[in-house]
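Let's take a walk through this protein together, starting with the whole fold and ending with a few single residues. Please have the sequence and the 3D view at hand.

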Amino acid sequence: MSVDREAPFGQRILLLADRLAAWSETPDGLTCTFLSPAHIAVANDIAALMAATGLVVTIDAAANVVGRRASRSPQAKTIIVGSHYDTVRNAGKYDGRLGILIALVIAEHLTQNNVDLHFDLEVIAFSEEEGVRFSTSYIGSSAVAGLFNPSLFDRRDDNGVSLADALRAAGHNPEAIVALARRREDLAGYLEVHIEQGPALLAESLPVGVVTEISGNSRFLVTVEGEAGHAGTVPMADRHDAAAAAAEIILMVEQRCRQPDLLGTVGWLSVPDGAINLIPGRCELSLDIRSGNDATRKSAVRNILTNIAGIAKRRGVTAANTEVLDAAAVPCSPRMQEAFAASIARAGYAVRRLPSGAGHDAVMFSGLTDIGMLFVRCGNGGVSHSPRESVDVRDVDVAARVLLDVLINFNPA
């Protein structure tokens, strides 16, 4: 990476992102799923980086890395600045982690310059937002927000390991998670900086934008049971092909969600015990429905589930749907939106407000405290969840300076 002396914050942040990306479950890409060896190594690395900046660091029972900087007032409330350090499979380097590293570098700057804020500052690297290993999102942030569901302890990964056992194996106490919940009266707000994961800022040549809302999200796991049979002997008219039914379901979801402010995705598909000469007897798939309008999302979900049942009946198979997420659309607080907007304007940039179609840890803090999000422009057409994910060093520097300005000027009173 060439040195850009006009963007010192950005330069340091991107170098740190490269450093964290060295820890991966795969040798030829970045994969860092919850409580894998790579995930544990990244947590320890983030903890070391936080400690070096002067933050008081703990790795909590949910594997969140928490760095705390106290103000001089013993009665001060806390602002949390956070994002996640886990990744999807074959990920980019900036989804989630960029926000952690921006907050870390700004905390370092505040300490080096002896800047006292009007509040305590917590920089939190949340352990799990993507939901890859246990098919459930927001494990880390839900614990801090007091929304963790203990029934998840029994959920198992693809190797049959329960969440509770995975935590214990990594040295964490599952029973201690309930004590991580922050109290409403102790918080002054939650802020998150994140890559946009879309092309809007890129198209408008803007480095950053203010998030207005986070779309609601419904997720299901669908299991289709048919009848396995020999590919060369069962007539086409007599088949109960689970994969063929799944294919029809996928196309139905795509067609149903072709309307404004609605997105539908089948991102995972499996044919257990499949073979080239075997009619599939079982198929498993995921379902992800998103909208900024909860009524639109729920109407689509009802319609899709009805259609799945109809497809199954017509094809002579069964379909079981298990809901794994029902997250309402979350508006960012007007106060935090204005704080980010004022800082962007002071930095000399036009203020662009835009919704987020992706979910974020900020969702968990809605209703507990004021939330605010800042988006950073993506390169490569806005692609994310991909090795092609990219950001510009100067955009990252702008985002860091905007966050710094917000923190310095924010009055929690």
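**The whole protein**

Please keep in mind that this is a predicted model. The secondary structure of the protein comes to 10 helices and 16 strands. Along the principal axes, the C-alpha atoms fill a box of roughly 80 × 45 × 45 Å. How does the radius of gyration fit with that of a compact globule? A compact globule of 413 residues would have a radius of gyration near 22 Å, and the protein has 23 Å, so the two agree.

Of the 413 residues, 53% count as buried. The accessible surface comes to about 17,600 Å², and carbon and sulfur atoms hold 51% of that area. The contacts tell us how the chain meets itself: taking those with a separation of 6 or more, 77% are between residues 24 or more positions apart.

**A pocket and a cavity**

Now for the spaces inside the model. The second largest pocket holds about 380 Å³ of space. Its lining is made up of 19 residues, and T136, N149, L152, V324 and L325 lie nearest its centre. Two elements give two or more residues to this lining, namely helix 4 (139-144) and strand 13 (318-327). Which of the elements gives the most to the lining? That is strand 13, with 5 residues. By class, the pocket lining has 11 nonpolar, 5 polar and 3 charged residues.

The structure also holds 1 cavity of 30 Å³ or more. The volume of this largest cavity is about 40 Å³. Around the cavity you will find T87, V88, A91, G92, D95, E130, H385 and E389. These lining residues divide into 2 nonpolar, 3 polar and 3 charged.

Most residues other than glycine have a negative phi. D273 and H385 are worth a look here, as each has a positive phi without being a glycine. The table sets out their values.

| Residue | Phi | Relative accessibility |
|---|---|---|
| D273 | near 60 degrees | 72%, exposed |
| H385 | about 55 degrees | 38%, partly exposed |

Where does D273 lie? D273 is in the loop between strand 10 (269-270) and strand 11 (278-279). D273 counts as exposed because its relative accessibility is 72%, and the cut-off for exposed is over 50%.

H385 is placed in the loop between strand 16 (371-376) and helix 10 (393-409). With a relative accessibility of 38%, H385 counts as partly exposed.

**A buried glutamate**

Our last stop is E122, which is found in strand 4 (residues 120-126). Is E122 buried or exposed? E122 is buried, because its relative accessible area is 7%, and buried means under 20%. What surrounds E122, once its neighbours within four places in sequence are left aside? E122 is in contact with V66, G67 and R68, with T78, I79, I80 and V81, and with R182.

Notes:
Residues are numbered from 1 along each chain as its sequence is written. This is a predicted model: local features need pLDDT of at least 70, side-chain atom pairs count only at pLDDT 80 or more; totals for chains, interfaces and linings use all residues. Side-chain values use heavy atoms; hydrogens and water are left out. Helices (H or I, at least four residues) and strands (E, at least two) are DSSP runs, numbered from the N terminus. Buried means under 20% relative accessible area, exposed over 50%, partly exposed in between (1.4 Å probe, protein chains only). On a 1 Å grid over the protein atoms alone, a cavity is a set of points where a 1.4 Å probe fits but cannot get out, and a pocket is an open set with protein on both sides within 12 Å along at least five of seven lines; lining residues have an atom within 4 Å of a point. Grid points are joined across faces, edges and corners, and a volume is the space filled by probe spheres set on the points. Ala, Val, Leu, Ile, Met, Phe, Trp, Tyr, Cys and Pro count as nonpolar, Asp, Glu, Lys and Arg as charged, and the others, Gly among them, as polar. The radius of gyration is taken over C-alpha atoms; the globule rule is 2.2 Å times the number of residues to the power 0.38. Contact means heavy atoms within 4.5 Å. Accessible areas come from the Shrake-Rupley method with a 1.4 Å probe; for residues, only the protein chains shown count as cover.
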